[in-house]
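Welcome! Let us take a walk through this structure together, stopping at a few places along the way.

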Amino acid sequence: MSSTAALISVFRPTSGEVSHHSLLQTPTLRPSVTAATAGGSTASASLNNSSASLPSLIRNQPVFAAPAPIINPSSSSFSSRENMSTKSYEDAIAGLNKLLSDKGELAPVAAGKIEQIKSELQTADSKPGFDPVERIKSGFIHFKREKYEKNPALFGELAKGQHPKFMVFACADSRVCPSHVLDIQPGEAFVVRGVANIVPPYDKTRYSGTGAAIEYAVLHLKVENIVVIGHSACGGIKAVMEVPEDGTTSTDFIEDWVKLLLPARTKVKAEHGNSALPEQISSCEKEAVNVSLANLLTYPFVREGLLKKTLSLKGGYYDFVKGTFELWGLEFGLSPAITK
């Protein structure tokens, strides 16, 4: 073990406090801490030990406690903040009014300030701040009333399982949700979204998350189509077009991720090198889709599905500026593996 002390917190009930069954019902949890010392020995501190025996960085209380429900937040905290805000304006106005009475020569300046404060107060009242909880709540209520409750047959079938025909790779960009763009209904598509709609090559270590999604979709859900969809004004594609030639990076993740599309950039530079950068980016947005389609061929279960003609690969491009959508397929020259 390294000389650096390692601290691991796990949750266990107090001895004699709760049974295994009751643990599932109570939010009261107590930490049991094992500390590895610099010399490699370990020392266990149960909750019955004194707090002095615990490492100084570990507090003798649960690290996690279930938060109070936020779907119906109390209005008291909001009203108190509003009252504080209003009170500060009222105090300022009262102070200026007192100044008016004490020093009449400052009346024009003070009067102007009073009007400014009143105007700001009215603007604040007419433009309430964004409430994320209320937005989520109203969004779900709308979905439940307009879709869930109006389609009991559909959601009844979905409760039994899913059988999508499509697997869709789309960008995480908030403007290009495939469910809206293609009017995809619940249960129709198994969707993976990420920066620049990239499908990385088969790699069990670096890209196991994407690999797990493809494997599950192809082998377990038996999807018949994998569609990779690019889009206009993609920030990820702009990033790959601007990656420094010397390989230096300024981000922790973004540049390493979009470098998977360097083959697309190379092709665009070779064919459209004299074009303006916006035109090159637009071409790369489509060529990047083809790179991802080629990467799908590195997955053995994808190749097998193509050979058996139980699976097809398609590329798509959504231009939300022009309101257009393109769809294409690629012909791959695949042959069965030679076994003898």
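Where is the place of leucine 182? Leucine 182 sits in the loop between α6 (178-181) and β5 (189-194); helices (H or I, at least four residues) and strands (E, at least two) are DSSP runs, numbered from the N terminus. Before going further, please note that this is a predicted model, in which local features need pLDDT of at least 70 and side-chain atom pairs count only at pLDDT 80 or more, while totals for chains, interfaces and linings use all residues. Residues are numbered from 1 along each chain as its sequence is written, and side-chain values use heavy atoms, leaving out hydrogens and water.

Leucine 182 has 37% relative accessibility and therefore counts as partly exposed. Here buried means under 20% relative accessible area, exposed over 50%, and partly exposed in between (1.4 Å probe, protein chains only).

Now turn to helix α10 (residues 262-272), whose buried residues are Ala264, Arg265 and Val268. Looking down the axis of α10, you find these buried residues within an arc of 100 degrees, so they line one face of the helix; the arc is that of the directions from the helix axis to the C-beta atoms. An α-helix has 3.6 residues a turn, so residues three or four places apart point the same way. The face of α10 turned away from the buried side carries the exposed residues Thr266 and Ala270. Among the elements covering the buried residues of α10 are α8 (235-241) and α11 (277-296), where contact means heavy atoms within 4.5 Å.

Serine 292 is buried, with a relative accessible area of 1%. Not counting residues up to four places away in sequence, serine 292 touches Asn197, Ile198, Val199 and Val228.

Our last stop is the aromatic rings. A search of the whole structure finds nine aromatic pairs; rings of Phe, Tyr and Trp (its six-membered ring) pair if their centres lie within 6.5 Å, with planes under 30 degrees apart counting as stacked, over 60 as edge-to-face and the rest as tilted. The rings of phenylalanine 190 and tyrosine 216 have centres 5.8 Å apart and planes at 50 degrees, so this pair is tilted. Phenylalanine 190 lies in strand β5 and tyrosine 216 in helix α7 (residues 208-220), so the pair links distant parts of the chain, 26 residues apart. Tyrosine 216 is partly exposed, at 36% relative accessibility. Ring pairs also link Phe140, Phe143, Tyr148 and Phe155 into a cluster.
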